[in-house]
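These are my notebook entries on one protein structure. I recorded what I looked up, topic by topic.

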Amino acid sequence: CEKRCKKKRSCGKHNCNQLCCIDIEHICPLPCSKTLSCGRHKCQERCHMGRCAPCWESSFEELYCECGAEVIYPPVPCGTRRPTCNRPCSREHLCDHEVLHNCHSEPTCPPCSVLTQRWCHGRHELRKAVPCHVKEISCGLPCNKPLACGRHKCITMCHSGPCERPGQQCTQPCATTRELCGHICAAPCHDGKCPDSPCKEMVKVTCQCGHRTMSRVCADNAREYQRIASNILASKMADMQLGHSVDLEEVFGQGTKKQNQLKTLECNDECKIIERNRRLALGLQIVNPDLSGKLMPRYSDYMKQWAKKDPQFCQVVHDKLTELVQLAKTSKQKSRSYSFDIMNREKRHFVHDSCQHFGCESQAYDEEPKRNVVATAVKDKCWLPSYSLLEMIQREKGQRKVPGPVLNASKGNNSTKTVLSLPVKQNQQLLPSSSTAKTADKEIDYFDYRG
């Protein structure tokens, strides 16, 4: 018979695998050879099911703790741990602090947790309450050690070891000032003369009147200024050919040149309107003719949305700023301030925009969620807008004020008329009015259908 037995042996792990097996009990003849719980010896029994029996090996030597104060007398079963000792650890430690852990059998002692003082890597700060086992700390400040180039300092956060790797070159921007524009070179750190590269610094340019502003790359602004200066110089040369006297200080003067370099935008129609209004204001002897917002305020879409969403809040802000400006104008002090209540970010944005239409400075203070806005009105720079935000909304809708309706109390020549009063605000004063028909203007009766 060539058929092999596929039944499990008594260990439950191995198959019988014998040819023409006739055994009823399949006893496993292989050794177990598993490591016992002691971790030193192996099981000598035949392969079996379940756990192995405890190690039968024993030692006839005393088993002491690490310091030798506690002992277990023989016979000591194999795998027995050292006895527990409640005395302080007697090993040598790296520090001189008092030992706070007991005697143990582990190869390494627990770290020392006594609080001490430690300098950071770059010796910028002396940190207190640092555990003794923490040997190196970082203060988070820039390293500020001089680099190998001799022109820069390390800007990496406080660290250990050298600031640069072997063979690594400094890549910080060159801080040499350019002769033409006054900005830094900004090229990677180099030796010798700075490369002739266009300046990429962003500058704020305006038009001649200062109404239009925008940001532009310094190199592009320099080319635009050269074009404008060339045109001016050509016009001056044309005047010279006609025999007129020309002042070249306007083109080549140092002080004038620095002032005109940032005035490369062209004035548009709005600038002309502002200049016309300024001349008109000068003719009418207005104190601040340059404040164009006094003539016709231009409220942003964000403020108009707030006027539709919460007109009561908009009116409160307008009233507070109006009182602030009036107080600043009548006060002997140079400026007056008002602190608004704590509000969220959107309302603070509305207050900042509103202050611009009153000529007031606004600044937010404190942290969230207790952040508020403080408005400051300077006596000579603040003004009252000609139209409030709510009035501008009404003008855009085409609304206008309509006189209130009148009721006839009685018929006849001596009849008295009662005017239905419209709701007024609390801060408005009620003017004394006569209930008789002897008024200067003829009152309109909207409920008299006889006419």
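Entry 1, a salt bridge in a helix. I noted that aspartate 220 and arginine 223 are 3 residues apart in helix 1 (residues 218-241), so about one helical turn separates them. Helices here are DSSP runs of H or I with at least four residues, strands are runs of E with at least two, and both are numbered from the N terminus. The side chains of aspartate 220 and arginine 223 meet in a salt bridge, at 2.2 Å from N to O. I used this term for a side-chain nitrogen of Lys or Arg within 4 Å of a carboxyl oxygen of Asp or Glu. Aspartate 220 counts as partly exposed, at 34% relative accessibility. For accessibility, buried means under 20% relative accessible area, exposed over 50%, and partly exposed in between, with a 1.4 Å probe and protein chains only.

I recorded the basis of these values: the model is predicted, local features need pLDDT of at least 70, side-chain atom pairs count only at pLDDT 80 or more, and totals for chains, interfaces and linings use all residues. Residues are numbered from 1 along each chain as its sequence is written, and side-chain values use heavy atoms, with hydrogens and water left out.

I found that the structure holds 9 salt bridges. In one of them, the side chains of glutamate 270 and arginine 298 meet at 3.0 Å, N to O. Glutamate 270 lies in helix 4 (residues 269-283) and arginine 298 in the loop between helix 4 and helix 5, so the pair ties together parts 28 residues apart in sequence. Glutamate 270 is partly exposed at 30% relative accessibility, and arginine 298 is exposed at 60%. I then looked up arginine 348, which forms a salt bridge with glutamate 368, their closest N and O atoms being 2.8 Å apart. This pair links distant parts of the chain, 20 residues apart: arginine 348 is in helix 7, and glutamate 368 is in the loop between strand 10 (361-365) and strand 11. Arginine 348 counts as buried, at 7% relative accessibility.

Which residues have the most contacts inside the largest nonpolar core? I listed Leu321, Phe350, Val351 and Cys360, in a core of 25 residues. Such a core is a set of buried Ala, Val, Leu, Ile, Met, Phe, Trp, Tyr and Cys residues joined through side-chain atoms within 4.5 Å. Among the elements giving two or more residues to this core are helix 5 (301-309), helix 7 (345-356) and strand 11 (372-378). Helix 6 gives the most, with 7 residues. Leaving aside neighbours within four places in sequence, valine 351 is in contact (heavy atoms within 4.5 Å) with Phe313, Val317, Phe340, Met343 and Val373. Apart from this core lies another of 7 residues, including Cys199 and Leu265.

I looked up strand 5 (residues 115-119), whose covered face has Thr116 and Arg118 and whose uncovered face has Leu115, Gln117 and Trp119. In a regular strand, side chains alternate between the two faces of the sheet. Strand 5 pairs with strand 6 (residues 126-131) in the antiparallel sense over 4 bridges, where pairing requires that DSSP finds at least two bridges between two strands. Threonine 116 stands opposite valine 130 in strand 6. The two strands form a hairpin with 6 residues between them, and arginine 123 in the turn has a positive phi of about 55°.
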